[in-house]
Amino acid sequence: MQQEIIAAVRDAGVVGAGGAGFPTHIKLNAMVDTVIANGAECEPLLRAHQQVMAAESDKVVAGLAAVMLATGAGRGVIGLKRKYADAAAKLTAALEKLGDRRLELFFLPDFYPAGDEQVLVHEVTRRIVPEGGIPLNVGAVVANVETLVNVAGALAGKAVTGKYLTVTGEVAQPLTIKAPVGISVRAAIALAGGATVGDFAIIDGGPMMGKLVAPEAVVTKTTGGFIVLPRHHPVIAQKAASLKIIANRAKAACCNCRGCTDSCPRYLLGHGLEPHRIMQVIGGGLQDSAAVTRALLCSECGACEAYGCTMGLSPRRINAELKAQLAKAGVKNPHRAEITQARWERDYRRIPTKRLVARLGLEKYDRPAPLVTAGVAPAEVRLPLAQHIGAPACPVVRIGDQVAAGDLVAVIPQGAAVGANLHASIAGEIFAVEGFIGIRAGNRAGRDGQ
Ligand code: SF4
Ligand code: SF4
């Protein structure tokens, strides 16, 4: 049964919907005792996962049961916040319908980053993933709730062609939609009534971990939302600052107060990551290679920069740069400590979401983004061949081909250990195969009026 589920998930092109897009069929090829559905949605302003849990509760539960079957798990937990009342009610009904007492809801406190998978594993199981490890090391698999919906879809023969995402911030009508993969950011913002300010920037993802994106970029299988903010907003200014400015600020202003370390979720779990020591190295030119390589333990959650540091500094960006440089130099993570106990102060240092929203200056935008189910019919989509972890998908279509929604358009390259299939998200004609697959809606005869 495990291999049948894995094959269906692989064929359907399912990848982690809430993270970097790790192919789900690889994740399922493991034996664990616990599967955790991640419905925490801890990034401020985003609403997609709570809407998925409410709108597709039966599929979340079915997907969770399937992943338990594939991995041999005896416990299935859906982690969400109590404030997602509609989702909790619908999931409770779905669980009752299934009648399998091994599956349960788990209510998380409302803090950031409750959705970090290592934090989530600790909240649910009290186990601590070792330094540099993954949940599998402590007998758990974590899957985003939308990934589980896609697993349920895969078992019904449906490929991944759509993505739930929130469009919010300075837009006329914040909303959550299920968009065809490959529509442009501009088109998604237009669905929310367009931007309400002239000079704006767009974040792909949440305000904490999201990245600035151009209007021409497209929705992928991992997009969680777009946040439109005035270009002068502090969250945008921090993300737009060059690395040179970030490093100069660190040298000039870090007072080594260790506020960043005290707010770091990985440090609080007991890991040896101490961002204030890394800042000492950067700012003071100290030689401490152990401190520097501990940057490899950083999840880039941003708690240190948005909440811990009162000087406006960014240990997160410094760590991200160090990680990139260490990877380029071929340095592997040497820190592998097994941790049995979280730091005693952890319970007092979790970051309340409301306080974080206030600290980020986003209270004005902290509002509902209801699910709008009207179909989205774009004129064209562009499907990047690399929108998951692993080898880019290999096209199996040519310019001029006609495809239906759900048709396979690119496959995992032969011999690639990690990769994902790609499917047409709309019906139409292929107009480009060049790093992405472009599809124009309708067929040529219809477009030409013949
Ligand atoms: S919180 Fe800011 S000022 Fe304090 S040690 Fe960390 S980076 Fe330096
Ligand atoms: S971004 Fe900052 S708070 Fe988050 S894990 Fe890295 S050092 Fe810790």
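Which helix gives the most to the shell around ligand 2? It is helix 16, with three residues. This is a predicted model, in which local features need pLDDT of at least 70 and side-chain atom pairs count only at pLDDT 80 or more, while totals for chains, interfaces and linings use all residues. Residues are numbered from 1 along each chain as its sequence is written, and chains are lettered from A and ligands numbered from 1 in the order in which they are written.

**View 1. The shell around ligand 2.** Of its 15 residues, Cys 264, Cys 298, Cys 301, Cys 304 and Arg 316 come nearest (near: C-beta atom, placed from the backbone, within 6 Å). Helix 12 (265-268), helix 15 (303-308) and helix 16 (315-328) each supply at least two residues (helices: DSSP runs of H or I, at least four residues, numbered from the N terminus).

**View 2. Helix 4 meets helix 5.** The axes of helix 4 (residues 57-71) and helix 5 (residues 85-98) come within 8 Å and cross at roughly 50 degrees (axes: lines fitted to C-alpha atoms over the stretch in contact, with angles from 0 to 180 degrees between N-to-C directions). Helix 4 brings Ser 57, Asp 58, Val 60, Val 61 and Ala 65 to the contact, and helix 5 brings Lys 90, Leu 91, Ala 93, Ala 94, Leu 95 and Leu 98 (contact: C-beta atoms, placed from the backbone, within 7 Å).

View 3. Look for Ala 48, His 49, Gln 50, Gln 51, Val 52 and Met 53, the buried residues of helix 3.

Methods: Two residues are in contact if their C-beta atoms, placed from the backbone, lie within 7 Å. A residue is buried if 20 or more other C-beta atoms lie within 10 Å of its own, exposed if 12 or fewer, and partly exposed in between; C-beta atoms are placed from the backbone.
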